[in-house]
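Subject: Structure for your review

Hello,

Here is the structure I said I would pass on. Please look it over first; my notes follow below it.

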Amino acid sequence: MENDPKLHQVALEAKSPFELRVDLGRHVPETEVRAALASGDMGFLHSFTTGSAVDGPGVRVVAWLTGCQFRCLYCHNPDTWNMMNGVPVTLERAKTQLGKYRHGLRIMKGGFTVSGGEPLMQHRFVLKLLTAAQAMGIHTALDTNGCLGVRLTDQDLERIDLVLLDIKAWDQERHRQLTGMDSGPVLDFARRLAARRSPVWLRYVLVPGWTDDPDDIARLAEFTAGLGNVERVDVLPLHQMGAFKWKQLGIDYKLQDVEPPSKETVERTCARFRAAGLKVY
Ligand code: SF4
């Protein structure tokens, strides 16, 4: 695969994950996809982006992987749901790409974040990439919905300096409606990270009418504070920057008419997390 010219046609770098990318891995035979997932020697990526200040401490390079088992109603990047929309990238190419930034990242006290999609859909590739990043002296972060945390051994977790854990909703039925999946495995993963004192930042997308219920937020804040390892909470107001992707992909976007939360709602939500003793940004 390394010498396959198709693998080198598409630029790995994107200005942002909001570039629509589709069908870039469709030509890869199924047997090779299976082999890649089993070995982790090839992955499927939407892109690499640079200069992020919101995906972990300092300035980050972010690898956006394709493939996700959730179907969040507010997803900003539905083109990452299907793994085959991503660029097939050998581990060596991804490591070379990351290596370009190693000195800058170390000087700026930044790091490397793997996001998606849900990166743990390709957990072997992710672990090999994070291992390579740590070997370069780069801080590593994993942005995950947590549902596949069970795929990671304790040894694997050593390769991750920080977990950015997305908890989509506290109420179980609401979580199912919002994502299509149960929250149980997510909360189990949160508890496991807490038991081993792994640093976590919680990410919570605030969606009016969906995730702004004050009682649910208070319960989530209580749970989060009780874990004891959550260093900060990022409250992320809904935005509509990815809405065009739903339209172009021909998927029904149910939140089209939902306005971003008001400043007061955002502040009230942050206050509930703070009241539980958490640092909020
Ligand atoms: S987990 Fe992330 S990538 Fe997956 S559907 Fe939800 S928002 Fe989109």
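Lys109 sits in the loop between helix H3 (102-107) and S4; helices (H or I, at least four residues) and strands (E, at least two) are DSSP runs, numbered from the N terminus. Its phi is positive, about 50°, although Lys109 is not a glycine. Lys109 counts as exposed because its relative accessibility is 67%; exposed means over 50% relative accessible area, buried under 20%, and partly exposed in between (1.4 Å probe, protein chains only).

Before the rest, a note on the source. This is a predicted model, in which local features need pLDDT of at least 70 and side-chain atom pairs count only at pLDDT 80 or more, while totals for chains, interfaces and linings use all residues. Residues are numbered from 1 along each chain as its sequence is written, and side-chain values use heavy atoms, with hydrogens and water left out.

Arg197 also has a positive phi without being a glycine, in this case near 60°. Its place is the loop between helix H7 (184-195) and strand S7 (200-206). With a relative accessible area of 55%, Arg197 is exposed.

The chain as a whole

The chain has 10 helices and eight strands. Its radius of gyration is 18 Å, close to the 19 Å that the globule rule gives for 281 residues, so the chain is as compact as a globular protein of that length. That radius is taken over C-alpha atoms, and the rule is 2.2 Å times the number of residues to the power 0.38. Along the principal axes, the C-alpha atoms fill a box of roughly 55 × 40 × 30 Å.

Of the 281 residues, 53% count as buried. Among contacts (heavy atoms within 4.5 Å) between residues at least 6 apart in sequence, 75% join residues at least 24 apart.

On charge, there are 35 positive and 34 negative side chains, and the centres of the two sets lie 4 Å apart. Lys and Arg count as positive and Asp and Glu as negative, with His and the chain ends not counted; each charge is placed at NZ of Lys, CZ of Arg, CG of Asp or CD of Glu.

The loop between S4 and H4

Glu118 is found in the loop between strand S4 (111-115) and helix H4 (123-135). Gly117 lies in that loop too, and the peptide bond from Gly116 to Gly117 is cis, with omega near 20°.

Glu118 is buried yet has no salt bridge, meaning a side-chain nitrogen of Lys or Arg within 4 Å of a carboxyl oxygen of Asp or Glu. The nearest side chain of opposite charge is Lys168, 7.4 Å away. Leaving out residues up to four places away in sequence, Glu118 touches several residues, including Cys68, Gln69 and Asn145.

Met121 belongs to the loop between S4 and H4 as well, and is partly exposed at 28% relative accessible area. With residues up to four places away again not counted, the residues it touches include Leu37, Cys68, Gln69 and Arg151. The C-alpha atoms of Met121 and Met83, 38 residues apart along the chain, are separated by 8.7 Å.

Leu238

Leu238 lies in the loop between strand S8 (230-237) and helix H9 (243-249). It is buried, with a relative accessible area of 1%. Beyond four places in sequence, Leu238 touches residues including Tyr74, Val205, Pro208 and Leu255. From Leu238 to Met83 is 155 residues in sequence and 24 Å in space, C-alpha to C-alpha.

Regards
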